[in-house]
Amino acid sequence: LEDLLPIVVGAHLRAELSDRPIGDRIARHIHSLRRSNDLTPDEGLIPVVLSDIWYLNDSDLMLQPAIVIGEPGVNAASAHWAARIPKAFSFENSHQVLMDLEGPFPVACMWGVDHARTEVAADHFERRYLGPWLDSVAAL
């Protein structure tokens, strides 16, 4: 488990249909960044998209760096982290990115008020924060 980078989506059907594809896209982006930096696929943590049920019920996974996608109403991991990590970016009544780069394990969490706004939050995270976030993970 220590080799995994959980990308957590809710087990709710709405999350499976809308947030899991975003998680898959972020996982592909991480693999692409590794290839462009001449890293082999097994260097660094291996991104895996999984449900909040698996994540929250495995204390070892919760000690890993993680990316959490989806609003707290459909992702219990978002509800867990929402009050525990600071906001990196927020656009009022639309979407937000929360991120902790300095805790014992880096966590990034993002969601919007609807699927389209969650996509915007994820896009913003990928463009502005994914690189520095991965750097903080690599520094562990």
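User: Contact means heavy atoms within 4.5 Å, so which residues does Ile67 touch, not counting residues up to four places away in sequence?

Analyst: This is a predicted model. In it, Ile67 touches Pro6, Ile7 and Val8, then Ile26 and Ile30, then Ala108 and Met110, and finally Phe125, Leu130 and Trp133.

User: Which residues have the most contacts inside the largest nonpolar core?

Analyst: Ile26, Ile67, Met110, Phe125 and Trp133. That core has 23 residues. Strand 1, helix 1, strand 3, strand 5, strand 6 and helix 5 each put in at least two of its residues.

User: Which element gives the most to this core?

Analyst: Helix 5, with 8 residues. There is also a second, separate core of 15 residues, and Tyr55, Leu61, Ala66 and Trp81 are among them.

User: Let's zoom out. How many helices and strands does the protein have?

Analyst: There are 5 helices and 6 strands. Starting at the N terminus, the order is β-α-β-α-α-β-α-β-β-β-α.

User: What does the radius of gyration say about the 140 residues?

Analyst: A compact globule with 140 residues would come in near 14 Å, and the protein has 14 Å, so the two agree. The C-alpha trace spans about 40 × 30 × 30 Å along its principal axes, and 46% of the residues count as buried.

User: How many of the contacts join residues at least 24 apart?

Analyst: Taking contacts between residues at least 6 apart in sequence, 64% join residues at least 24 apart.

User: OK, helix 1. What should its 24 residues span, and how far apart are its end C-alpha atoms?

Analyst: Helix 1 covers residues 13-36, and at 1.5 Å a residue it should span 34 Å. Its end C-alpha atoms are 34 Å apart, which agrees.

User: Where does the kink in helix 1 lie?

Analyst: At Asp19, shortly before the proline Pro21, and the kink is about 40°.

User: Which residues of helix 1 are buried?

Analyst: Ala15, Ser18, Asp19, Ile22, Gly23, Ile26, Ala27, Ile30 and Arg34. An α-helix has 3.6 residues a turn, so residues three or four places apart point the same way.

User: What do those buried residues of helix 1 pack against?

Analyst: Strand 1 (4-9), strand 2 (46-51), strand 3 (66-69), strand 6 (107-112) and helix 5 (115-138).

User: Switching to Val68: is it buried or exposed?

Analyst: Val68 is buried, because its relative accessible area is 0%. It sits in strand 3. Beyond four places in sequence, Val68 is in contact with Val8, Asn75, Ala77, Ser78, Trp81, Ala108, Cys109 and Met110.

User: Where is Ser78 found?

Analyst: In helix 4 (residues 76-82). Ser78 has 0% relative accessibility, so it counts as buried. Setting aside neighbours within four places, its contacts are Val68, Ile69, Gly70, Glu71, Pro72, Cys109 and Trp111.

User: What about Met99, how far apart in space are it and Cys109?

Analyst: They are 6.2 Å apart, C-alpha to C-alpha, and 10 residues apart in sequence. Met99 belongs to strand 5 and counts as buried because its relative accessibility is 10%, and the cut-off is under 20%. Not counting residues up to four places away, Met99 touches Ile85, Pro86, Ala88, Val107, Ala108, Phe125, Tyr129 and Trp133.

User: Now a couple of loop residues. Why does Arg84 count as exposed?

Analyst: Because its relative accessibility is 52%, and exposed means over 50%. Arg84 lies in the loop between helix 4 and strand 4. Arg84 and Leu98 are 14 residues apart in sequence and 9.4 Å apart in space, going by C-alpha atoms.

User: Last one: what is phi of Asn93 near?

Analyst: Phi of Asn93 is near 60°, a positive value in a residue other than glycine. Asn93 is in the loop between strand 4 and strand 5, and it counts as exposed because its relative accessibility is 69%.

Methods:
Residues numbered from 1 in each chain as written. Predicted model: local features only at pLDDT ≥ 70, side-chain atom pairs only at ≥ 80, totals over all residues. Heavy atoms only, no water. Helix = DSSP H or I, 4+ residues; strand = E, 2+ residues; numbered from the N terminus. Expected span 1.5 Å × (residues − 1). Bend = angle between axes of the 7 residues up to and from the residue. Buried < 20%, exposed > 50% of the residue type's maximum accessible area, 1.4 Å probe, protein only. Contact = heavy atoms within 4.5 Å. Core = buried A, V, L, I, M, F, W, Y, C linked by side-chain atoms within 4.5 Å. Rg over C-alpha atoms; globule rule 2.2 N^0.38 Å.
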